Amino acid sequence: MKKILSILSLVAVMGLAASPVSYAEETVTETITVQETVSTDAAPAAEAPAAAEAAPAAEAAPAPTLDVGNTAFMIVATVLVILMTIPGLALFYGGLVRQKNMLSVLMQVFVVFSMISVLWAAYGYSMAFSEGNMIVGGLSKAFLAGITPASLSGTIPEYVFLTFQLTFAAITPGLIVGGFAERMKFSAVLLFTALWVTFAYIPIAHMVWGGGYLAELGAKDFAGGTVVHINAGIAALIGAIMLGKRIGYGKEAMPPHNLVMTMIGASLLWVGWFGFNVGSELAADGIAGMVLINTQLATGSAVLGWIFAEWLFRGKPSMLGAASGAVAGLVAITPACGFIGPMGSIILGFTASFVSLWGVTKLKGALGYDDSLDVFGVHGLAGIWGAVGTGVLMSPGLGGVGYAEGVTMGGQVSTQIIAVVVTLIWTGIVSVILYKVVDAVVGLRVSEEYEREGLDTTEHGERAYSL
């Protein structure tokens, strides 16, 4: 427990030295039907009855209407995020583990994505995006109550908006799987995921995107730096520590069994990430175009940064390094993509690759934890870097969109740091509690015999390859 607390303290301090908006980031989504009109309050009769009667109807706010183009755009963006999860994330992770555990990782990502889809419809969407308090929403839309094909969220059907948000909720615990890969029971993965999404993901999503505390504070997280990547990164780190190292870690070679598959997965992540980031604008407009180029440039520069660093310090650039750099760049640009300019994106992506490379080598080695697939090193650290970098690079002088009235660079950076620290502390504490609960109920780790044989056969009775 002392080691866990020291890790939590470290990452909190890193947040203070190193934070995120999305406009997937609509705050609380109101259910509006196509047939509804917007009512305007009449002026008090005692003050200006004549003026109220004479007010032209044209001044009334127009009723929200369905935009077919935006709707089509958001449906495509939603499907792209599904693509980046299954098969993208699943193949990326599957290639990184040893052959005897490949199917177990594919199974975990695939089933977690499926389970959270159902829980999101049951209560997740309502608790994240309906009216509530500063930490969590309510249950007014539980089981999608009151939502119909005519319901709108802005200019798109609410069904489309909630499905887009569903994909974010479902991929985030899928990322966590990489932290404890090759040693956690399948039953424990499912139980932990259901509880974690309920008590960690949903509150952070509401605080940032649902009109809660961090939204009120002015934190900027365009597509999920805090909500997805820092959130998943700290949960994965806590899981890696609490489960302990894999048998033979540090003594036996544990190379990825199929880097071709990892490269394919990374490529699908890159493609699907445009749905993730560009879709978070919720409209096919000029900002969406800016997000498109920002995402591409940050990712490309991060690939170059990572392989140059490998070339410099290790003598050879690797395919694994290029794939890891791409993911680091994608993560870093996620909170910033709608607020900074293209040149700022290049800077952010390039520097993120060095931060993550340091995390998966020096930091991991110094602290001695076994984060199997480097979820914290890549998603956690690049997410922190991108979140805080957002506050700097959104400056108009650096090509960004600028700050709200009265907000300075220092003020925005401070707000970003608060968002990072709140996410680290909230999710860190919740994750420790939930891992302990799951361990007490079903047990976290497979037996030594099962782990040595491999989870594919012992947990699922299958083999990835029959050669």
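Student: Which helix does Gly69 lie in?
Tutor: Gly69 belongs to helix H3, which covers residues 68-96. Keep in mind that this is a predicted model.

Student: Is Gly69 buried, exposed or partly exposed?
Tutor: Gly69 is partly exposed, because its relative accessible area is 42%, and that label runs between 20% and 50%.

Student: How far apart are the C-alpha atoms of Gly69 and Ile156?
Tutor: They are separated by 9.1 Å, although Gly69 and Ile156 are 87 residues apart along the chain.

Student: Let's stay with H3. At what angle do H3 and H5 cross?
Tutor: Their axes cross at roughly 15° and come within 9 Å. Angles under 35 degrees count as roughly parallel, so H3 is roughly parallel to H5. The crossing is left-handed.

Student: Which residues make that contact between H3 and H5?
Tutor: From H3, they include Thr71, Met74, Ile75, Val81 and Tyr93. H5 brings, among others, Val160, Phe164, Ile171 and Leu175.

Student: And how many are nonpolar, polar or charged in the contact of H3 with H5?
Tutor: There are twelve nonpolar residues and six polar ones, with no charged residues.

Student: How does H4 pack with H5?
Tutor: Helix H4 (residues 102-129) and helix H5 (residues 158-176) pack at about 130°, with their axes 8 Å apart. H4 and H5 are therefore oblique to each other. Here the crossing is right-handed.

Student: Which residues of H4 and H5 meet?
Tutor: In H4, they include Val109, Phe113, Trp120 and Phe129. Among their partners in H5 are Glu158, Phe161, Leu166 and Pro173. By class, the contact of H4 with H5 divides into 14 nonpolar, four polar and one charged.

Student: New topic! How do the axes of H10 and H11 cross?
Tutor: The axes of helix H10 (residues 286-314) and helix H11 (residues 319-333) cross at roughly 140° and come within 7 Å. H10 and H11 are therefore oblique to each other, and their crossing is right-handed.

Student: What residues make the contact there?
Tutor: On the H10 side you'll find Ala298, Trp306 and Glu310 among them. H11 contributes residues including Gly321, Gly325, Gly329 and Ile333. The contact of H10 with H11 has ten nonpolar, seven polar and one charged residues.

Student: Last one: how many residues does H13 have, and how many are buried?
Tutor: Helix H13 (residues 375-393) has 19 residues, and 17 of them are buried, so H13 is mostly covered. From first C-alpha to last, H13 reaches 25 Å, close to the 27 Å expected at 1.5 Å a residue.

How values were computed: Residues are numbered from 1 along each chain as its sequence is written. This is a predicted model: local features need pLDDT of at least 70, side-chain atom pairs count only at pLDDT 80 or more; totals for chains, interfaces and linings use all residues. Side-chain values use heavy atoms; hydrogens and water are left out. Axes are lines fitted to C-alpha atoms, for helices over the stretch in contact, and angles run from 0 to 180 degrees between N-to-C directions. Helices (H or I, at least four residues) and strands (E, at least two) are DSSP runs, numbered from the N terminus. Angles under 35 degrees count as roughly parallel, over 145 as roughly antiparallel, 65 to 115 as roughly perpendicular and the rest as oblique. A crossing is left-handed if the near helix is turned anticlockwise from the far one by less than a right angle, and right-handed if clockwise. Contact means heavy atoms within 4.5 Å. Ala, Val, Leu, Ile, Met, Phe, Trp, Tyr, Cys and Pro count as nonpolar, Asp, Glu, Lys and Arg as charged, and the others, Gly among them, as polar. The expected span of a helix is 1.5 Å times one less than its number of residues. Buried means under 20% relative accessible area, exposed over 50%, partly exposed in between (1.4 Å probe, protein chains only).
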